[in-house]
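Please look over the sequence and the model below before reading on. The paragraphs that follow start from one part of the chain and then widen to the whole.

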Amino acid sequence: MGKTTKEVVMNTLNGLSIGIIVALVPSALLNQLLTALLPVFPGGETIMGMTNATMVLLPAVAAVCVGMLAKFSPIQTTSIALAAVMGAGNFKAGANGFVASGTGYVINIAITIMIGYAVILVLGQRLKAYTILLIPTLVLVIAGGIGTLTLGPVSEITKLIGLSVMQLTTLQPIIMGVLLGIVFSLLIISPISSVGIAAAISINGIAAGSANLGIVAAGFALAVYGWKVNSVGTSLAHFLGSPKMQMANIMSRPKLIIPIIINAGILGGLGALFNIQGTTMSAGFGFSGLIGPIAALNGLGQVTLGSITLVTVLVLILPIGLGILSNYVFEDKLHFYEEDNFKLNYA
């Protein structure tokens, strides 16, 4: 991979990771709490509307983050943002204009942004005084146009992945739990939207609980692996936000997934063993916003000291313990990776 190509890919993945955190964290952190408080705090509905709107803006936010990392001008950056919105697939023409919903297809957003990035690299310095006139149009038509063409195949591929995941639910529950934990831990550290996959296959019940625990395991493990080289806020964001923020580091060093999937498989299997339930939303979010833990608690029926203890052990104590243990084995003993492999700088 050439230097320029690598920069395009890495800046796109890093920008996409930041954009996902920025756009999805407000909803993940607040919506579950506000839903419970609506009877006594009706104003929470307005705040929830705001946080849901930020999710729809993910394509534009991610593109702006990529433009900033690439040191593009405001015109170039916002041009990519327009193209990304076209390629996301979450803006659809309706009878009274456009209807926006969801975050869009993350893979296609990445494809569209990279094409727009390439257009700017090729044409950015050549248009000179005509930049303000031509760059927005060219990036929108070329990158956005290609993005709309790839949207169909990409959405079908996403659904196919989802159907493949769903087949796991026909297996013996504990084996299913292990596999779903691993699959969703891989999804959460890839450009593929775990929430999108969960929604595409309408995953629920024990399958959703195991999927959620796989993401929980990945989030806490990555926080532990990089806690010495990352700030406190960045470390917390791995499980309060999304482990996807490590996507670029892991895709540049694929071997880093090995300790993560081991932890995720163990936790996913235990989730199935203890009949931990989940919903479509909790399957894709993990610990973020306490969506997963609350869904697991609700799935156990009546809230008791025993159910609270079980959920606390599975979503907090064990993930941290597995993270510390695997870090000791893979870093201290096997020298399989270095702390700097997980370093992030979101200043």
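This is a predicted model: local features need pLDDT of at least 70, side-chain atom pairs count only at pLDDT 80 or more; totals for chains, interfaces and linings use all residues.

An α-helix has 3.6 residues a turn, so residues three or four places apart point the same way. Just after H14 comes Gly301, which takes a positive phi of about 90 degrees.

Confidence is lowest in helix H8, residues 194-201, where the mean is 72, and highest in helix H12, residues 257-273, where it is 96.

Two further positions deserve attention for their backbone angles. Most residues other than glycine have a negative phi, and most peptide bonds are trans. Lys71, however, is a residue other than glycine with a positive phi, near 60 degrees, and its place is in the loop between helix H3 (58-69) and helix H4 (74-88). With a relative accessible area of 74%, Lys71 is exposed, because a value over 50% counts as such. His335 likewise is not a glycine and yet has a positive phi, of about 50 degrees; His335 is found in the segment after helix H15 (305-333), and with a relative accessible area of 62% it too is exposed.

Turning to the whole chain, the reader will find 15 helices and two strands. The C-alpha trace spans about 70 × 55 × 40 Å along its principal axes. For 347 residues, a compact globule would have a radius of gyration near 20 Å, and the chain has 20 Å, which agrees. Of these 347 residues, 48% count as buried. Among the contacts in the chain with a separation of 6 or more, 74% are accounted for by residues 24 or more positions apart.

How far apart do the centres of the positive and negative side chains lie? There are 13 positive and 8 negative side chains, and the centres of the two sets lie 10 Å apart.

Conventions:
Residues are numbered from 1 along each chain as its sequence is written. Side-chain values use heavy atoms; hydrogens and water are left out. Helices (H or I, at least four residues) and strands (E, at least two) are DSSP runs, numbered from the N terminus. The radius of gyration is taken over C-alpha atoms; the globule rule is 2.2 Å times the number of residues to the power 0.38. Buried means under 20% relative accessible area, exposed over 50%, partly exposed in between (1.4 Å probe, protein chains only). Contact means heavy atoms within 4.5 Å. Lys and Arg count as positive and Asp and Glu as negative; His and the chain ends are not counted. The place of a charge is taken as NZ of Lys, CZ of Arg, CG of Asp or CD of Glu. pLDDT is the predictor's confidence in each residue, from 0 to 100.
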